[in-house]
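Visitor: I have a model open on my screen and would like to learn how to read it. Could you take me through a few features?

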Amino acid sequence: MKHPSFYKDQQVVVLGLARSGVSVAKLFHKLGAVVTVNDMKDRKMSPEADELDALGISVICGGHPDDLIGPDTALVVKNPGIPYTSPPVVQALEQGIEIVTEVEVAYLLSPAPIIGITGSNGKTTTTSWIGEMLEAAGLKPMVAGNIGTPLCEAAQIAEADNWIVAELSSFQLKGTTGFRPRIALLLNIVETHLDYHGGMEDYIASKAKLFANQTKDDIAVLNADDPVCRDLMNSGKLQASIIPFAVTEELTYGICVTPAYPAELSEPIGDVERNIVWRDKEGGERIIIGVAELGIPGRHNASNALAAIAACLAAGASAGSLTEPLREFRGFEHRLEYVRERDGVAYYNDSKATNPTATIIAVRSFPPRIVLIAGGLDRGSDYMELVPHFRDQVKAVVAIGETRGKIAAVAESAGLAVIKIVEPEEDAESTLQQAVRAAASIAEPGDTVLLSPACASWDMFKSYEQRGRIFKQSAHNL
């Protein structure tokens, strides 16, 4: 793609009226392009349309006109979530018209270097943590992308001494051509979004575009614990200087945890004091912080911390400036969120855990004295993969929702002596309040009461957010 100013007096089609679409439409309009915005939603469901209309930007809602893409179309900027099988996207591809996402536009516009963060899990936490640490180091970060300000807005107000810290999805990266972040982070790869990408090959290739245009003057931060990341590091395709990070291997160069965690998630981690250590290429070593001092628990968050530290050191932050934000950062609502302590019992809200894998990660983040509240929408799973983790980590289970019987059966298979099934009350809020009271009656000083449902929320609640907030209020009302 050429610089956005190149498209003055030319036809630019923006697909999608989300925040990023509105931002990029305004940008091209300001630069003198002839902008048309198109969205499948009905006009009455698109309040942004009136704002764009008032600026003189053409807005078409309620479908894709056959003549939306034509020979005069110079560029298509699409919402990342719009699939490449969408009719106007197919038309543009057939006519050889370039299709990009907002990421490409913002990169060409920004005078500030970009730190790009992607991965299947942990992007939001890592992105925000980098923002907090760079702020503490006085390096003027601007957190943007999927969280914070739309990238095009950030690019327009950024200055050369800022750092744009951008959370990036595979959808966004697939629509890039020349995008070159100064520092690029790939946290992990697991099977997801295959309905969009059609398979793992395209998903991995889209993530890897983060590194495609980097040079030897740039930095690539990759997870040495992750097989896909390791393959990429060893492929010889990366031109940037590589900084590896790992929690299950004590690296000779990079940033790691010592002593390392067991490679298998199911192995007990033991009561061991672990440190985060930076090791340089000259053999020097520096302890950054103890893992137990991090503001959010869990070895997955230790991994996120490693990636964030590597990025901040690469951006010029001093190691000493990182300690306080590493301790003070509390993560995000509904993701292993600390709620309160009562009578020596800690309460944590992990309502975002809407599948068994997320719950396994959660229960492995605490000592094995957990009173677990779990259950929700029944999608047909038997949840038996939870058995070994319940056996090792969970003291008691309080089961709720459509899957309450299945969750109780898992607890029974794990040999748990204390299993409480909460039958539905007159409303979902009352049911969850009863579950919290039941968990509190079981818990003893030193225990953790953890809401980590392993299920979606829609059997009882409008969203996992509503479920988590009712849990928190119930814990505070004890």
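Visitor: How are α5 and α11 placed relative to each other?

Guide: Here's the general idea: two packed helices are described by the angle between their axes and the distance between the axes. In this predicted model, helix α5 (residues 123-136) and helix α11 (residues 299-314) pack at about 45°, with axes 9 Å apart. The axes are lines fitted to C-alpha atoms, for helices over the stretch in contact, and angles run from 0 to 180 degrees between N-to-C directions. That makes α5 and α11 oblique to each other, because angles under 35 degrees count as roughly parallel, over 145 as roughly antiparallel, 65 to 115 as roughly perpendicular and the rest as oblique. Helices (H or I, at least four residues) and strands (E, at least two) are DSSP runs, numbered from the N terminus.

Visitor: Before we go on, what should I know about the model itself?

Guide: It's a predicted model, where local features need pLDDT of at least 70 and side-chain atom pairs count only at pLDDT 80 or more, while totals for chains, interfaces and linings use all residues. Residues are numbered from 1 along each chain as its sequence is written, and side-chain values use heavy atoms, with hydrogens and water left out.

Visitor: Which hand does the crossing of α5 and α11 have?

Guide: Right-handed. A crossing gets that name if the near helix is turned clockwise from the far one by less than a right angle, and is left-handed if anticlockwise.

Visitor: Which residues meet there?

Guide: From α5 you get T125, T126, W129, I130, M133 and L134; they meet N301, N304, A305, A307, A308, I309, A311 and C312 of α11. Contact means heavy atoms within 4.5 Å. Sorted by class, this contact has ten nonpolar, four polar and no charged residues. Ala, Val, Leu, Ile, Met, Phe, Trp, Tyr, Cys and Pro count as nonpolar, Asp, Glu, Lys and Arg as charged, and the others, Gly among them, as polar.

Visitor: Is T125 buried or exposed?

Guide: T125 is buried, with a relative accessible area of 10%. Buried means under 20% relative accessible area, exposed over 50%, and partly exposed in between (1.4 Å probe, protein chains only). Leaving aside neighbours within four places in sequence, T125 is in contact with I296, N301, N304, F329 and F332.

Visitor: Now strands. Which residues of β9 sit on each side?

Guide: In a regular strand the side chains alternate between the two faces of the sheet. In strand β9 (residues 183-186), I183 and L185 are on one side and A184 and L186 on the other, all buried.

Visitor: Which strands pair with β9?

Guide: Strand β6 (residues 114-118) pairs with β9 in the parallel sense over four bridges, and T118 stands opposite L186. Strand β10 (residues 219-223) also pairs with β9 in the parallel sense, over four bridges, with L185 opposite V221. Two strands pair if DSSP finds at least two bridges between them.

Visitor: In what order do the strands of the five-stranded sheet run?

Guide: The order is β3-β2-β1-β4-β5, an open sheet with parallel pairing. β3 (58-61) and β5 (99-100) are the edge strands, each pairing on one side only.
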